[in-house]
Amino acid sequence: MKMRALVLAMAMAVAMPAFAQSDSEATDAAKEDVAKPVHDPALFVSSHKGVFGSERLSYSVEAGETHIDNEEGEPTASLFAISYIKENAGTQRPVTFVFNGGPGSASVWLHLGLLGPKRAEVASDADADDGAAPYTLVDNPLSILDLTDLVFIDPVGTGYSRAIGSGENKDYWNEAGDGGSISEFIRIWISKHKRWNAPKYLIGESFGTTRAAYIANQLTTGDVDIALNGLVLISQALDYEGSTSIHDNVYSYITYLPSMAAAAQYHGRAGVGIPQDQFLNDARAFARDEYGPALWKGDRLSTQERTRIRDRLAYFTGLAPDYIETSNLRVLMPRFQKELLRDKGVAIGRLDGRYMGDEADDIAETPDDDVSSYAISSAYSALLNQYLSSDLGVEMDRAYMMSSEDAGEQWNFRDVPEGEYWEPRYLNVGRQLTTAMRRNTSLKVMVANGYYDMITPFFDAEITFARYGIPQERVAMTYYQGGHMMYLNDGALEALSADIRAFYADRLEDRRPD
């Protein structure tokens, strides 16, 4: 999911008659007929040392391109990746492939925020904007590089990755193209580094968890069988119905309510003096057992029932009863972000509800932008580019694309199996994960949730993983005092890193409430 503008609903394209092709369409078609040059893949190799966990180790970094061929054997895409490889690693050394989401985001966030040997330092308490340079890049002893090699992949259209030859970026902006290119990259990488018999993991964040699910399925069911040992899903997005806060999506009012309660309690507007676990468990129970049934009744609620639901919503969200009544008992997440602290003249973040942004328009219905995105993005951009050039010696002839709006806006969510009828529906890869886990009985999954994630709510994760026939005994659900990128909070960073280590050691316990 995009860092600055989350793509939550499928875009409906309006078909035009064949004879009504516009000038711009004709120009685009002409451009597509011109093959782009295919250069030899760039590769930059450097040697480094560091302390990770309790181990001091030497490692090499391979930063470079891998060409992906089409069915005719012609290179049509170039994926840029940064691989951290332990010196003298054996053939059974574990390897982890990492990507972010969007769709349209490079892997920079997990790279410099959680897993890489260096980490971008930003305000842990969500109380300061990153401002302007200089920023600080620090060593990251919490990286799991002592446990596994790490390969950070930038999908086509992000980072330095792009279509080449006769390929077009849009060929890869769908499940089949995206999953196929990354799966092929993984096959090429493990062949090159002789890791076919090594444990293999995927770590994805947001839409990267969607990607991890369909790639796990493709690797398991495809022509080349590559069995994975584990998936780490950070801020999961398997079923978009539960993470799409729009009118008439009744399910989303239920899934988002406990996250609203968490943010309201954090800002002192609800649940004051009540332990967080108790308050959020009560919010879950209300959403599931009372709020949901009330929404199904709609305008057939009695006056007494309606008043009770309104007052309970006010209790959990910290919003005024009159506002909830005017909202017809249905508060969209963007409106909640603006309304919760409207009296202070600030809106809370979407990626992370702990953040507060002072906006010029205090009467607006929804926030102008996401403070939890722009409060950190400049630091990550500057530090990633500086790190690539200074530490890794990367010299490319184009800009590193942190986030591609084109990819997000043009992503084809209509991509469905051949022969299957398509009609408007929410993206859902839950069944694909189920298939991967049932065909590979060693595949285990860790799901990391931020309490203040206002995009992919933790209650949706709990409901999602209780459905679709996902083997419960191989799923570990964990929770952190942070948002969508919970590792921005130092305490959550340490807890998440420790949990990932326990997951790799097969010692992590599920923490879902009873």
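Which elements are among what covers the buried residues of helix 11?

I started with the ground rules: this is a predicted model, where local features need pLDDT of at least 70, side-chain atom pairs count only at pLDDT 80 or more, and totals for chains, interfaces and linings use all residues. Numbering runs from 1 along each chain as its sequence is written, and side-chain values use heavy atoms, with hydrogens and water left out.

**Helix 11**

I found helix 11 at residues 377-390 (helices are DSSP runs of H or I, at least four residues, strands of E, at least two, numbered from the N terminus). I listed its buried residues (under 20% relative accessible area, 1.4 Å probe, protein chains only; exposed is over 50%, partly exposed in between): Ser377, Ala379, Tyr380, Leu383, Leu384, Tyr387 and Leu388. They fall within an arc of 155 degrees down the axis, so they line one face of helix 11; the arc is taken from directions from the helix axis to the C-beta atoms. As for the cover, it includes strand 3 (75-86), helix 2 (108-115), strand 5 (118-121), strand 6 (136-139) and helix 10 (371-374), with contact meaning heavy atoms within 4.5 Å.

**Rings**

I got 19 aromatic pairs (Phe, Tyr or Trp rings, six-membered for Trp, centres within 6.5 Å; planes under 30 degrees apart are stacked, over 60 edge-to-face, the rest tilted). Phe279 and Phe316 have ring centres 5.5 Å apart and planes at 40 degrees, so I logged the pair as tilted. Phe279 sits in helix 6 (residues 276-297) and Phe316 in helix 7 (residues 303-317), 37 residues apart. I noted 0% relative accessibility for Phe279 and for Phe316.

Conventions:
The expected span of a helix is 1.5 Å times one less than its number of residues.
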